[in-house]
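Please look over the sequence and the structure before going on to the points below.

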Amino acid sequence: SVVEVYGASSVGIVMTGMGRDGAEGLLALRKAGAATFVQDRNTCVVWGMPQAALQSGSAKDAVPLERIAERAATEVFRLRAAAAT
């Protein structure tokens, strides 16, 4: 639903977890032009869903848990700056 409303103006993050549903949702965001990334393997309790997202191309990079908030904020500020121009 985020992709339908905000599209390229959104940020998607997949964190620790099992399954592929998060990876599939993240792929929809990425295809719409949104910023996407996952939690890195070393800080995940369960690497399954972030790994699936990387393997499917839903995200290009992984970020340690302690840097996720910083990265998300950076992406939001980038999106806001782009929208203002």
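This is a predicted model: local features need pLDDT of at least 70, side-chain atom pairs count only at pLDDT 80 or more; totals for chains, interfaces and linings use all residues.

A patch is made of residues that have over 30% relative accessible area and no salt bridge, and nonpolar side chains are joined into such a patch within 5 Å.

**A nonpolar patch on the surface**

- The residues V2, V5 and Y6 form a nonpolar patch on the surface, and together they have about 320 Å² of accessible area.
- One of these residues, V2, has its place in helix α1, which covers residues 2-6.
- Partly exposed residues lie between the buried ones, under 20% relative accessible area, and the exposed ones, over 50%, so V2, with a relative accessibility of 40%, counts as partly exposed.

**How two helices cross**

- Two packed helices are described by the angle between their axes and the distance between the axes.
- For helix α2 (residues 21-31) and helix α3 (residues 48-56), the axes come within 8 Å and cross at roughly 40 degrees.
- Angles under 35 degrees count as roughly parallel and those of 65 to 115 as roughly perpendicular, and α2 and α3 are therefore described as oblique to each other.
- The crossing of α2 and α3 is also right-handed.
- Helix α2 includes A23, and because its relative accessibility is 2%, A23 counts as buried.

**A network of salt bridges**

- A salt bridge here is a side-chain nitrogen of Lys or Arg within 4 Å of a carboxyl oxygen of Asp or Glu, and by this rule the count comes to 4 salt bridges.
- In one of them R71 is paired with D61, and the closest N and O atoms of the two are 2.7 Å apart.
- This pair links distant parts of the chain, since R71 belongs to helix α4 (residues 68-84) while D61 is in the loop between α3 and β3 (62-63), 10 residues away.
- Both partners count as partly exposed, R71 with a relative accessibility of 21% and D61 with a relative accessible area of 28%.
- R71 also forms a salt bridge with E75, where the closest N and O atoms are 2.9 Å apart, and these two residues both lie in helix α4, 4 residues apart, which is about one turn of the helix.
- E75 is buried, because its relative accessible area is 10%.
- The side chain of E75 meets that of R78 in a further salt bridge, with 2.9 Å from N to O, and because R78 and E75 are 3 residues apart in helix α4, they are separated by about one helical turn.
- R78 is partly exposed, with a relative accessible area of 44%.
- Through salt bridges that share partners, D61, R71, E75 and R78 are joined into one network.

- What distance separates the C-alpha atoms of R67 and Q39, which are 28 residues apart along the chain? The separation of these C-alpha atoms is 9.1 Å.
- R67 is found in the loop between β3 and α4, and R67 is partly exposed, with a relative accessible area of 44%.
- A23 and A81 are 58 residues apart along the chain, and their C-alpha atoms are separated by 27 Å.

Key. Residues are numbered from 1 along each chain as its sequence is written. Side-chain values use heavy atoms; hydrogens and water are left out. Patches are made of residues with over 30% relative accessible area and no salt bridge: like charges are joined within 9 Å, nonpolar side chains (Val, Leu, Ile, Met, Phe, Trp, Tyr) within 5 Å. Accessible areas come from the Shrake-Rupley method with a 1.4 Å probe; for residues, only the protein chains shown count as cover. Buried means under 20% relative accessible area, exposed over 50%, partly exposed in between (1.4 Å probe, protein chains only). Axes are lines fitted to C-alpha atoms, for helices over the stretch in contact, and angles run from 0 to 180 degrees between N-to-C directions. Angles under 35 degrees count as roughly parallel, over 145 as roughly antiparallel, 65 to 115 as roughly perpendicular and the rest as oblique. A crossing is left-handed if the near helix is turned anticlockwise from the far one by less than a right angle, and right-handed if clockwise.
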